[in-house]
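Trainee: Please take me closely through one part of this structure. I would like to follow one connected account.

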Amino acid sequence: MKLRNIVLLSLLALSFFTGACRKVDVFEKNTSFKDHRWQSSDRPEFSFVITDTLSRYNIFVSLRHNDAYRYNNLWVNVYTMAPGDSTTKPQALDLQLASNEKGWLGAGMDDIYEHRIRISQAPVQLKAGTYRFRLEQIMRDDPLDNVLNVGIRVERDTN
């Protein structure tokens with residue numbers, strides 16, 4: 001077989017497998033904190049547009065912290081505004097980051113840990129339009145030390 005045919009077959013196979021893979025994530029954006037300190041007055045905002053109303057979605061808070069973070073959890077207010085709404089709907093969440101038995105629950109590299117914590121109870125169907133999220137830390141420490149960044153991730157449900 002000629003080298004040209006091998007290259008063409010390889011490209012064809014690559015394009016087939018690439019086309020067969022379904023992209024799962026719809027949106028992900030993170031905000032970093034200066035000096036790794038999350039002030040309660042820092043309330044990162046995120047917005048994304050949904051066009052596919054047939055799919056169901058999972059919504060996550062993403063968080064990165066270093067090993068010096070003092071707590072097993074993080075309390076946050078998540079403010080959500082759906083398309084057509086004129087006010088935000090707050091939700092206080094206790095995000096579990098560690099357990100006494102297992103240690104940090106997120107993925108770690110060196111002394112940095114990353115968490116993706118689902119905040120939708122089950123996959124949800126979203127209506128078309130722009131969604132807005134705002135995150136606010138409501139821990140007793142202000143600022144909250146050793147938090148590198150926080151964000152929102154939205155994925156299509158594959159089940």
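Mentor: Let's start with a facing pair: Y57 has V124, in strand 11, opposite it. Before we go on, please note that this is a predicted model, where local features need pLDDT of at least 70 and side-chain atom pairs count only at pLDDT 80 or more, while totals for chains, interfaces and linings use all residues. Residues are numbered from 1 along each chain as its sequence is written, and side-chain values use heavy atoms, leaving out hydrogens and water.

Our part is strand 4, residues 56-66. Strands here are DSSP runs of E with at least two residues, numbered from the N terminus. Strand 4 is largely enclosed by the rest of the structure, because nine of its eleven residues are buried (under 20% relative accessible area, with a 1.4 Å probe and protein chains only).

Now for its partners. Two strands count as paired if DSSP finds at least two bridges between them. With strand 11 (residues 124-125), strand 4 pairs in the antiparallel sense over two bridges. Strand 14 (residues 147-156) also runs antiparallel to strand 4, and nine bridges join them; here L63 faces V150 of strand 14. Strand 10 (residues 112-118) is another antiparallel partner, with seven bridges to strand 4, and N66 stands opposite I112 in strand 10. As you look along these strands, remember that side chains in a regular strand alternate between the two faces of the sheet.

Next, look at S55, in the loop between strand 3 (45-50) and strand 4. S55 is buried, with a relative accessible area of 11%. Its side chain makes a polar contact with the side chain of D52, at 2.5 Å. Such a contact is a pair of N or O atoms within 3.5 Å; within protein, one must be able to donate a hydrogen and the other to accept it, and residues adjacent in sequence count only if both atoms are side-chain atoms. S55 and R156 are 101 residues apart along the chain, yet 6.5 Å separates their C-alpha atoms.

Finally, the largest pocket holds about 270 Å³ of space. Of the 15 residues that line this pocket, the closest to its centre are I59, T80, Q91, L126 and F133. A pocket is an open set of points on a 1 Å grid over the protein atoms alone, where a 1.4 Å probe fits, with protein on both sides within 12 Å along at least five of seven lines; lining residues have an atom within 4 Å of a point. Its volume is the space filled by probe spheres set on the points, which are joined across faces, edges and corners.

Terms used. Buried < 20%, exposed > 50% of the residue type's maximum accessible area, 1.4 Å probe, protein only. Helix = DSSP H or I, 4+ residues; strand = E, 2+ residues; numbered from the N terminus.
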